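Okay, thanks for coming, everyone. Let me put the model up on the screen, and then I'll walk you through it.

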Amino acid sequence: MDFVKTRKRTLALVKHLENDDFVVQPTNYISPIKWHIGHVSWMYEVILKKLDPHYIFHSNEYVKYFNSYYQGITAPYEKMSRGIFSRPTTKQIFKYFHIITKKIISIINKNDVDITLLRLAINHEYQHQELMIYDLQYILSNLYKPFKKTNLQSPYMKIKSKMIKISSGIYNLGHNSTKFSYDVEKPEHKVYLEDYKICIFPVTNGEYMKFIEDGGYNDYKYWLADGWKTVQENNWEAPMYWKKDNKHDKWIKQDFIGKRIINQHEPVSNVSFYEADAYCRWYGKRLPTEAEWEKASCWNEKKCQKTMFPWGNTISTKFANILESYLWKCTEIGSYPDGKSPYGCYQMIGDVWEWTSSEFTKYPGFKSEFKEYNDKWFTNQKVLRGGSFATPKDSIRCSYRNFFRLDERWLFAGFRCAEDI
Ligand SMILES: [Fe+2]
């Protein structure tokens, strides 16, 4: 059980924050960092209540404040109001965090609790570690001091970007191992895929710049109607965090690394589904479906077998740029030659989540394993696959289905292109 390690890392991620950094909520999709700290602790209490209806929560005030969207527990506050409460204070929330840590450790030691549900709460904490990193980029950018930072050690290989063909056939989509997965990754089931081509790399900043320079953001014909409306209403002219330095005619990005000229060889990040879809139309391609993405990432046609990751069944920083790499940014394409999938696709895990064209909906035979966790989000969201440089290693596998609304772009999301043959 990785409980203690997980709790320690949540604390490590916020180790160098100032008191004031914990409380701000600058926009409606960001949560105050203090709220994340309390909410991940609250989730363990929710599990304890589920296991024992007589369980008494630490505080009724906390039950309401730290509830994200679980109507079955109590009516939650609107997300935007998380930042308007000065109480509980950050100090009180840390106290609560430690009380819950101690409580769960003693329960684990007594061996009298259903580990399956506790595992869900640990995985939930992984998800919030990543969400906190999105929020910290927005709140602090390069003022954020990571508790650990490394430089890329893996070899860089100059590989020409191209598309590869994947032959038609029946593919078994979904999670098929005995290791942890969310309910939405199951059950594994058959889908038929036509022949298709998929790019071996995600789309790079340099490639995306060509779309911008060709007037992509000014021409309705590349955009879905809702996408075009979003572009107009928000005056989008580039991915989030990009600014044009007109004096030097360069695109600049501000992120954890600092203010810098955008690296043309890194995957484009912080784009919405609408932007990913518009780029593909401009380029004469399309986004892959989630089944096409998954097959390209982990199916070995010669051996007739599926692995959890493109390179095998265990994950490490040798193969992908994930949170444990502690690089705090994307790596250039070609940085992880050992992470290649059997079909020859690179960087499918880590760096950026990849938008697919698939609606987030239940697989045939889906059974909810925890009410309101995933099962109430099967509408108006698209599936993303593959994880980002902020995804903890135990929070990603090829079958993992992330989902966000079509206009969201503060997550580290990019995409790769596909096409029909
Ligand atoms: Fe949550």
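Let me start with a term: by a nonpolar core I mean a set of buried Ala, Val, Leu, Ile, Met, Phe, Trp, Tyr and Cys residues joined through C-beta atoms within 7 Å. Buried here means that 20 or more other C-beta atoms lie within 10 Å of the residue's own, exposed means 12 or fewer, and partly exposed is in between, with C-beta atoms placed from the backbone. Two bits of housekeeping as well. This is a predicted model, so local features need pLDDT of at least 70 and side-chain atom pairs count only at pLDDT 80 or more, while totals for chains, interfaces and linings use all residues. Residues are numbered from 1 along each chain as its sequence is written.

So, the core. The largest one has 91 residues, and those with the most contacts inside it are A276, F309, F412 and A413. The top contributor is α2, which gives ten residues. Helices, by the way, are DSSP runs of H or I with at least four residues, strands are runs of E with at least two, and both are numbered from the N terminus. The core also takes at least three residues from each of domain 1 (3-143) and domain 2 (148-421). As a general point, nonpolar side chains tend to be buried together in soluble globular proteins.

Those domains deserve a word. The protein chain is split into domain 1, residues 3-143, and domain 2, residues 148-421, and the bounds come from an automatic or database domain assignment. Their centres, taken over C-alpha atoms, are 27 Å apart. How many residues of domain 1 are in contact with domain 2? There are 18, and they meet 18 residues of domain 2; contact means C-beta atoms, placed from the backbone, within 7 Å. On the domain 1 side, that surface has eight nonpolar, eight polar and two charged residues. For that count, Ala, Val, Leu, Ile, Met, Phe, Trp, Tyr, Cys and Pro are nonpolar, Asp, Glu, Lys and Arg are charged, and the others, Gly among them, are polar.

T90, I93, Y96, I100 and I104 are buried in α4. Why do I say they share a side? Because they cover an arc of only 110° around the axis, which puts them on the same side of α4; the arc is that of the directions from the helix axis to the C-beta atoms. Covering those buried residues are, among others, α1 (3-13), α2 (33-51) and α3 (60-65). Turn to the opposite face and you get the exposed K91, H98, I99, K102, S106, N109 and K110. Just after the helix, N111 has a positive phi of about 60°.

Helix α6, residues 205-213, can be read along similar lines. Its buried residues are N205, E207, Y208 and F211. These cover an arc of only 160° around the axis, which puts them on the same side of α6. The cover over them includes α8. After α6 comes G215, with a positive phi near 85°.

Most residues other than glycine have a negative phi, and most peptide bonds are trans. Against that, the peptide bond from R87 to P88 is cis, with omega near 0°, and P88 sits in the loop between α3 and α4. K186 and P187 are also joined by a cis bond, with omega about -10°; P187 is in the loop between β2 (169-173) and β3 (189-193).

On the phi side, N270 is not a glycine, yet its phi is positive at about 60°. N270 is in the loop between β7 (258-261) and α8 (273-283) and is buried, with 22 other C-beta atoms within 10 Å. D351 has a positive phi too, near 65°. That residue lies in the loop between β9 (305-306) and β10 (353-359), buried with 33 other C-beta atoms within 10 Å.

Terms used
Two residues are in contact if their C-beta atoms, placed from the backbone, lie within 7 Å.
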